[in-house]
Amino acid sequence: MKGKPLAERIRAQVAELVTSLGSVGLATVLVGEDPASQIYIRLKQKAAAEAGILATDLRLPGEISEEELLARVGELNADDAVDGMLVQLPLPDHIDEARILRAVEPVKDADGLHPFNAGQLYLGRPKLVGATPLGVMALLAAHRVELDGARAVVVGRSDIVGKPMAHLLLQANSTVTICHTHTRDLPAQTLAADVLVVVAGVAAVVTPDMVKPGAVVVDVGINRVEDGVVGDVDSGVADVASLLTPVPGGVGPMTIACLLQNAVRCAQYRRGQLAYPG
């Protein structure tokens, strides 16, 4: 399940919507100099510019105080030229991430991490949902993977991917199991999966003997090892699964494309083209 071809189609659709809207503004906030975060921000900024989105790249020092960061987020909330924003995680240890995420105006929350948007997803009324789980669902839909009644297993329970992924699969009428570091007998769970989504952050944590023959496997992991970049799923799973996302080139391009989609959706909500609660 290669992500790049579908991502390119989504990005072309985004560019058309940006033209029809007149302008769409997306602000990214990066605190500190984490190398991985810098790469992610650069990719997001480049993709936004290519789609015609007015991208603001706000870089702040790692020693910034929590109150100063809140003030900068408040400025972006008040800026009418900014339709959507995201605060790149992780933040430095001295900053309360939850407090910063709560400070983002919900209708501008391009990452879908504000408690209001997370609550809407929990209630089955999603408005703004994280780009990575949206990208996974788009990939599954494009490959006509049957989710209704399927046994879906999500390995990982992060607020950014694991939990929203489970909710989206549940809303697609899958029977969902969430596994994590305290799960007993992980292979017993993964072997039962018709659809297996792995977002554990551990290289090759899922091996071929842990996958049911013919299962659909989505590898969300990106791990840098001596030999390069690998996923959370051992490459040998390709011999067992009916479909498998590559790493790199699978979920990664979809995350960027769906973030741009979210920026446009923020603009549509703010302009009243789509209904947003409250």
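A residue is called buried under 20% relative accessible area, exposed over 50% and partly exposed in between, with a 1.4 Å probe and protein chains only. The structure described here is a predicted model, in which local features need pLDDT of at least 70 and side-chain atom pairs count only at pLDDT 80 or more, while totals for chains, interfaces and linings use all residues. Residues are numbered from 1 along each chain as its sequence is written, and side-chain values use heavy atoms, with hydrogens and water left out.

Aromatic contacts were examined over the whole structure. A pair of aromatic rings is described by the distance of the centres and the angle of the planes. Rings of Phe, Tyr and Trp (its six-membered ring) pair if their centres lie within 6.5 Å; planes under 30 degrees apart are stacked, over 60 edge-to-face and the rest tilted. The search finds 2 aromatic pairs. In a tilted pair, Phe116 and Tyr276 lie 5.9 Å apart centre to centre, with 45° between the planes. Phe116 belongs to helix α5 (residues 115-122) and Tyr276 to the segment after α9 (251-270), so this pair ties together parts that are 160 residues apart in sequence. Helices (H or I, at least four residues) and strands (E, at least two) are DSSP runs, numbered from the N terminus. Phe116 is partly exposed, at a relative accessible area of 31%, whereas Tyr276 counts as buried at 17%. Tyr276 also forms a tilted pair with Tyr269, at 5.1 Å centre to centre and 55° between the planes. Tyr269 is buried, as is Tyr276. One aromatic cluster is formed by Phe116, Tyr269 and Tyr276.

Grid points are joined across faces, edges and corners, and a volume is the space filled by probe spheres set on the points. The second largest pocket has a volume of about 380 Å³. It is lined by 19 residues, of which Gly112, Leu113, Ala118, Asp159 and Ile160 are the closest to its centre. Helices α4 (97-103), α5 and α7 (162-171) each supply at least two residues of this lining. By class, the lining has 11 nonpolar residues (Ala, Val, Leu, Ile, Met, Phe, Trp, Tyr, Cys and Pro), 5 charged (Asp, Glu, Lys and Arg) and 3 polar (the others, Gly among them).

The count of cavities of 30 Å³ or more comes to 1. The largest cavity has a volume of about 50 Å³, and its lining consists of Leu86, Val87, Leu101, Val104, Asp109, Asp111, Leu113 and His114. This lining has 5 nonpolar, 1 polar and 2 charged residues.

Backbone geometry was also examined. Most residues other than glycine have a negative phi, and most peptide bonds are trans. The bond from Leu89 to Pro90 is cis, with omega near 5°, and Pro90 lies in the loop between β3 (84-87) and α4. The bond from Val247 to Pro248 is cis, with omega near 0°; Pro248 is in the loop between β10 (243-244) and α9. Asp185, not a glycine, has a positive phi of about 55° and is found in the loop between β5 (175-179) and α8 (186-190). Ala204 has a positive phi of about 55° and lies in the loop between β6 (195-198) and β7 (216-219). At 33% relative accessibility, Ala204 is partly exposed.

Notes
On a 1 Å grid over the protein atoms alone, a cavity is a set of points where a 1.4 Å probe fits but cannot get out, and a pocket is an open set with protein on both sides within 12 Å along at least five of seven lines; lining residues have an atom within 4 Å of a point.
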